[in-house]
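Subject: Structure for you to look through

Hello,

Here is the structure I promised to pass on. Please open it and keep it beside this email as you read.

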Amino acid sequence: MTIARGSESKGSIRFRILLLAYPKSLRHRWGTDIVRFLSSQRQEPRYNQGAFGAFRFYRDVLRDILSNAARHKALFLLSPIGGRKPPRKRLGEKPDRSRLRAGLSGCLIQDVVYAKRVLVRSPLFTLASVATLAVGIGANVAMFSALDAVLIRALPYPSPERLVYGRATFGSRVNSTVSYPDYIDFRDRSDAFESLALIRSGLQWFPITRLAEPERVSGNWITVDFFAALGVNPQLGRQFTADEGEPGAPNVMLISHGYWQRRFGGSPDAVGRTISVEGYPTTIVGVMPADFRFRYDADVWLPIRDGYMDTGGRTSHSWQIVGRLRAGVSLQQAQSQVDVIAQQLAEAYPESHENKGLLLTRLDEALVEAYRPNLILLMAATGLVLLIACGNVANLLLARGSARRLELSARAALGASRARLTRQFMAESLLLAILAGGLGTVLALWLQRLIILFMPMDSLGIKEIGMSLPMLGFALVASFATAIVFGVGPALTVSQANPAAALNSGLRSSAHGRATRIRSGLVVLQVALTVVLIAASGLLLRSFVRLQGVDVGFDSENLLTARVQISSSEYDATARTLFYRDLLERIRAIPGVEAAAAISHIPIQHPYMDWSVWDPEAPTQDPDDWVAVYSRTAMPGYFETMGIPLLRGRDHEDTDEANPQPLMVINESAADRLFPDQDPVGRLVNVYNHVSDPVPVQVIGVVGDARITALDRAPAPQMYFNHSNSAWSSMNLIVRATGHPTSLAAPIRAAVLELDSDVPLSDVATMSDILSESLGRNRVVSITIALFGSVALLLAMIGLYGVLAYYVARRTQEIGVRVAFGATGGDVVRSVIGRGLLFVSAGLAIGLPCSVAVTRLLRSQLYEVAPTDPLTYASVVACLLLVGTVACLVPARRAVRIDPVDALRAE
Amino acid sequence: MTNQDARDLLPLTPATFHILATIAPGAMHGYAIKREVEDRTDGVVRLGAGTLYAGIQRMEREGLLRESPPPEESSQEAGSRWRFYEITDLGRDVLELEVARLESDLGRVRARIPRTHARQTS
């Protein structure tokens, strides 16, 4: 058979690499032949069909390699143990150890294949180890991705190190916002900045009309140079120009990519279109890039112009300063300049600006400041969890090592060197770690979402972290490191030439004793950590259950809510009341509507704020005696619609419009505070909103308490004004349906559009959903901690098992002696369980005080459950004792099974 | 090499059997053996590089074959340095014994299960 010369060199590198997968003994002698063999095989017709043929080729080669590798192992493992006859030697020939050893040295693939078989043989161990490690690795990968996104990645702007963030300081207190006039002064009087810009703190809402459908969009007020300061250019159109920030300039706006897609379908002629914002025609001059975001999810940006809007006085701090340092100017230099200006302001306005300054920090640091310590702490904690998981698995490996004694002796007798065996065990550890790493990475994706819920890092634009390359890299490194950490110790220990003897005698050395103490200590620590987690989760769950059953004070079933905003410029006060009266009439006529009302602030969803109220006839006029009462504006019929009982007096009526005296309805709590043991109906009270002068208002009725701020807070004092007295342009509709509330959304929207086609209906939600969502955070927290608690419990159980199994394995001889001397099975079991419970008690002793301290921090999250709730703690102790006992069962059973004769003989 | 030694090596693995059967008529190199076995068994027995050379290694150890100098015709070819293997006497004995064993087994099976009688090919 002739082989063409050319085919030998072509691609032979590829085959030389393949050759490495073959056993060393074959490579050594037949290396060249195999390469040529493969090369010729590759050219056979069945492999000559392009990609599919190539795939077939490599598949067949791989199959050949693996079957060969397994056979290699199987041969020398099985031969002395019966069945197959050993390989025949020629007469007179000595058994050639070197040959056998050459056959044993094999290759890495052999090790991995064998490792796979070993792991499959003991599924419970494999499952427990992989699960344990996966949790540890997964948590670390998730935390790393958060760390990477928040702390490591730079801001996506050019030269981010020159971006600064300014905050007002009052003495030592740092405020995160500044006032507009102060900003003007800092901007005009310093030259350290290339640009100093401003953005409104918090998201604003703007009604948009003159489009197909009216709507409300989110947006921010910014100075015209804001985006230029950041260094971001619109993807379409242009930035604001300097004179667009002057009073009297035409109305312009920039829109976000998302809004551009949603509203204009991504069409380029969106730029230049004029739409109506808050009733004012505004021209779109540009579209911001797709991934751009600064602290808030804004759809539109509008330029700040003096006189066009209320920028607030010198004491109104609603703005954030973002600046870019001039090239060559350091942060310290800029800070010194700013300090001088602050001093000037203090001299100019001594009452308000004494001790007031401006603190400049790097923007990237300022944004993450709140999260950095938490993230680092969490990273340390998850690292600790992984270490504990490694300790767990190491314990399991050690316990198993003694169970594999027979196999190890056989292999050692066949000439397997210690290095060889260690390598084999490391392969097992590596396989475990890689499986755990894969599972852990999948777990990490889910854990990421939980991290975001705990630390809403939305100011950095991190909503969905998702998979990233650094994350995968980290997962790989973590897996390898983990394998080494938990694998090396047991591998070296177990690969001793005579493991039986080593386990029983030689390891009474102090080094080993220390190692055992470390392992035992780790388990105790693990139990303690579990105690803390279980205690916390128990408390949180009890609290959550209590919260769910709280009485809100109104009937939340079948209620639909929606927000209506009419133009404040088109409707004057009287017109607004007429509009809402008309609207409610129309809605009440819709079939399926039982009742309808309008309120300025929905309970729980819009807590709003409180004003000061006092009785003008009260003996003292001390501001400290003023009562803080939450104010609301409602159309008549609100209480009936909500199912809030009227206790005294009456509700507002349409005819009250004519009454020049402002009237209000108060709730029980307010009545008790203002007029204890008296009838409040008919009484006058002074209401002071801290902006204009106090106004005397007459009480016409008292209603039952309803929770309006938060579910876990007691009902606050409330007062309800008639819309005719306090004509809000934006009101929330409350509609009670006879059937399913959401089916009313469309007819209600139609009713609104009938009255005014420019009025948007937004935020449509049922009351039950609102209440449920307000508990959302509590729910997630409770469930997550409960989950971690259960996982920790499982890990603790596995850890206890590992340590006890190893303990029993080490003490085989001793137990054998005891049994030989008359100890009963019961005695043996008792001693094992006793040791196990010793660990649990030690863990409890450390964990219980720790959890009392830690749960104290949870006080704010707990509703009517004391952090030292005895029922919860009793359950925790019972739970751990139970788990500890269960963990002892298998090792105890194994201990009982020890045959004293075998045990003594094993020496 | 007595028959006693040869019988100790039975039964042969399929790879061993086919390799021996292939080199019995004359020495061959590895890849040629593979192709021959594939052709002879209509593609049912496919020897991969590992199986083949591991088998050769084992058979050499057992004394069933040995390396031989390449036959005259192919020594002229530049660059073809395939190793050739020839069967030993022991190998021949073993092969014959195996064939006899297989025939005997086949005969007994056919006697018990009539449907396995040798098919007549026209």
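Below is what was found, chain by chain.

First, the ground rules. This is a predicted model, where local features need pLDDT of at least 70 and side-chain atom pairs count only at pLDDT 80 or more, while totals for chains, interfaces and linings use all residues. Residues are numbered from 1 along each chain as its sequence is written, chains are lettered from A and ligands numbered from 1 in the order in which they are written, and side-chain values use heavy atoms, with hydrogens and water left out.

Chain A

Chain A has 29 helices and 24 strands. Helices (H or I, at least four residues) and strands (E, at least two) are DSSP runs, numbered from the N terminus. Of its 907 residues, 52% are buried, meaning under 20% relative accessible area with a 1.4 Å probe, protein chains only. Contacts are heavy atoms within 4.5 Å. In chain A, 80% of the contacts with a separation of 6 or more join residues 24 or more positions apart.

Look at helix α20(A), residues 573–588. Its 16 residues should span 22 Å at 1.5 Å a residue, and its end C-alpha atoms are 23 Å apart, which agrees. The expected span is 1.5 Å times one less than the number of residues. Its buried residues include Phe579(A), Tyr580(A), Leu583(A) and Leu584(A). Their cover includes strands β14(A), β15(A) and β23(A), and helix α23(A).

Chain B

Chain B has 6 helices and 3 strands. Along the sequence they run α-α-β-α-α-β-α-β-α. Of its 122 residues, 46% are buried. Among contacts in chain B between residues at least 6 apart, 61% join residues at least 24 apart.

How do α2(B) and α4(B) pack? Their angle is about 80 degrees, and their axes are 10 Å apart. That makes α2(B) roughly perpendicular to α4(B), a label for angles of 65 to 115 degrees. Axes are lines fitted to C-alpha atoms over the stretch in contact, and angles run from 0 to 180 degrees between N-to-C directions. Ile19(B) and Leu20(B) are among the α2(B) residues that meet α4(B), where Leu52(B) and Met59(B) are among the partners.

Now helix α3(B), residues 30–40. Its buried residues include Tyr31(B), Ile33(B) and Val37(B). The buried residues of α3(B) pack against α3 of chain A, and also against α2, β1, α4 and β3 of chain B. After α3(B) comes Asp42(B), with a positive phi near 55 degrees.

Best wishes

Note on methods. Buried means under 20% relative accessible area, exposed over 50%, partly exposed in between (1.4 Å probe, protein chains only). Angles under 35 degrees count as roughly parallel, over 145 as roughly antiparallel, 65 to 115 as roughly perpendicular and the rest as oblique.
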